Amino acid sequence: MNTRLIAARALSRVLQDGQSLTAALESALQTVESGKDRAFIQALCYGVCRTYHRLDFVLSELLDKPLKDMDVKALALVGLYQLKYMRVKPHAAVSETVLAARKKPWAKALINALLRGYLREQDRLEQKADTLQFAAASHPDWLIKKIELDWPLQAQQILLENNQQPPMALRVNLARISRDQYLQELSEQGIEAVAVSFCPSAIILDKPVGVDLLPGFTEGLISVQDVAAQLAAGLLALQAGHRVLDVCAAPGGKAAHILECQPQLKELVAVDIDASRMQRVSDTMQRLKLSATLVVGNAANLQDWWDGQLFDRILLDAPCSALGVIRRHPDIKLLRRAEDIKPLQALQKNILHAVWPLLVPGGIMLYATCSILKQENEQQIDAFLAEHSDAVELPIDAAWGFAGSHGRQIMTGELAMDGFYYARLGKLP
Ligand SMILES: C[S@@+](CC[C@H](N)C(=O)[O-])C[C@H]1O[C@@H](n2cnc3c(N)ncnc32)[C@H](O)[C@@H]1O
């Protein structure tokens with residue numbers, strides 16, 4: 001099948017059905033064997049999501065009335081994306097995209113007219129897009145306002161970083177191989193990479209590569225994980241004999257890192273509400289040859305899953321807006337709504353309150369989100385501390401992020417990391 005058509009169909013699942021791009025691409029790519037075609041389809045889909053709000057504005061300028069047919073709209077966006085952002089020759093971009101619409105003759109003519117119209121009026125349309133903030137920054141208005149409200153000085157930089165392609169970061173399993181040794185193995189394969197000074201397990205690759213090309217991936221020597229996410233395990237101050245709870249654990253990146261960091265834990269209990277995501281935790285544990293107690297359940301309903309024994313450490317990597325990982329999941333800009341934030345905040349609060357009693361006196365709970373919104377981060381912790389007289393905030397002395405009123409915030413793109421938030425809470429003995 002035509003690669004542009006496959007990309008447009010995947011994008012249409014996102015635009016029309018609200019499916020995540022990851023899920024839409026997973027099924028769209030099932031029948032595509034050529035690595036080159038897969039890469040092209042992925043580049044189109046990620047690119048269109050990254051630049052969606054700008055492309056959509058340009059499209060609206062070229063149309064008399066909005067397109068109702070989402071498959072055709074997605075194909076028009078795929079065409080415009082190639083013309084503005086890809087090194088595809090314009091005549092090839094137009095003719096191949098028009099060809100992809102061949103099953104709908106009306107759409108074929110429309111796409112042809114739209115793309116040719118864009119080529120004629122490109123300068124005027126792009127200049128107009130530059131004057132409108134949502135189009136220039138390619139973000140929805142509500143999100144720009146929210147980011148500006150929380151981070152007036154950093155907002156422009158955050159918007160820019162959200163539209164960058166993130167680097168590929170690896171976590172070396174230090175229980176199995178040293179980072180220097182693994183860097184040597186990469187270099188022998190001709191893969192350029194650097195160690196991250198402030199995170200002992202982390203490596204950043206010069207260019208992303210497929211995991212099948214990484215030495216020792218199948219054997220569990222390394223995992224793919226952003227550097228910000230690799231900071232969690234260190235903040236837990238794990239010791240041999242600890243019983244640890246990872247309360248929103250899937251797909252299991254941080255749970256596996258906890259076990260790699262401290263192989264002599266008494267037990268790691270990993271809880272997640274989503275059974276299919278929990279299967280991914282199980283697969284990861286198997287690949288890394290690690291073992292944990294996996295429980296599918298609602299973290300906020302203790303009677304569903306808790307065995308009555310306390311934990312020395314709790315990681316609560318809370319469900320959140322994920323606004324810190326937009327560069328990895330640009331479809332978040334299309335799918336997230338302003339009204340999603342409050343229910344997420346309430347869910348985070350419920351889980352925080354529910355699991356706090358499970359921590360031993362003297363224990364540590366690490367609260368984490370991949371969000372940059374104060375509502376989900378420092379304001380959440382502020383409210384929690386006000387309601388729990390047995391909780392104190394423990395300091396995070398680090399060469400990354402910055403201290404807010406509570407916890408430590410990493411801004412998207414800072415030191416090449418995703419946007420992330422950590423707060424350490426200690427329970428008074
Ligand atoms: C940010 S992700 C966790 C990522 C994970 N810690 C890792 O490092 O791979 C949040 C997880 O919370 C889970 N979740 C959402 N609501 C939950 C609830 N009420 N109880 C337990 N898990 C929940 C989601 O299924 C999702 O897997």
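User: Taking buried to mean under 20% relative accessible area, exposed over 50% and partly exposed in between (1.4 Å probe, protein chains only), is Leu 159 buried or exposed?

Analyst: Leu 159 is buried, at 3% relative accessibility. This residue belongs to helix H10, residues 155–162; helices (H or I, at least four residues) and strands (E, at least two) are DSSP runs numbered from the N terminus. Its C-alpha lies 9.6 Å from that of Leu 143, 16 residues away in sequence.

User: What kind of model is this, and which limits apply?

Analyst: It is a predicted model, in which local features need pLDDT of at least 70 and side-chain atom pairs count only at pLDDT 80 or more, whereas totals for chains, interfaces and linings use all residues. Residues are numbered from 1 along each chain as its sequence is written, and side-chain values use heavy atoms, with hydrogens and water left out.

User: Turning to the ligand, how many residues surround it?

Analyst: The ligand is surrounded by 19 residues, the closest being Asp 272, Arg 277, Asn 298, Ala 299 and Asp 317; a residue counts if one of its heavy atoms lies within 4 Å. By class, ten are nonpolar, four polar and five charged. In this scheme Ala, Val, Leu, Ile, Met, Phe, Trp, Tyr, Cys and Pro are nonpolar, Asp, Glu, Lys and Arg are charged, and the others, Gly among them, are polar.

User: What is the peptide bond from Ala 250 to Pro 251 like, cis or trans?

Analyst: That bond is cis, with omega near 5°. Pro 251 sits in the loop between strand E5 (243–246) and helix H13 (253–261).

User: What about Ala 237, where is it found?

Analyst: Ala 237 is in the loop between helix H12 (232–235) and E5. Its phi is near 45°, a positive value in a residue other than glycine. At a relative accessible area of 31%, Ala 237 is partly exposed.

User: New topic: how many disulfides does a search of the whole structure find?

Analyst: The search finds zero disulfides, a disulfide being a pair of cysteine sulfur atoms within 2.5 Å. For Cys 199, the nearest cysteine sulfur is that of Cys 261, 8.7 Å away. Cys 199 is buried, with a relative accessible area of 1%.

User: Lastly, which residues have the most contacts inside the largest nonpolar core?

Analyst: They are Val 227, Ile 258, Trp 400 and Tyr 422, in a core of 57 residues. A nonpolar core is a set of buried Ala, Val, Leu, Ile, Met, Phe, Trp, Tyr and Cys residues joined through side-chain atoms within 4.5 Å. A second, separate core has 51 residues, including Leu 29, Leu 44, Cys 45 and Val 72.
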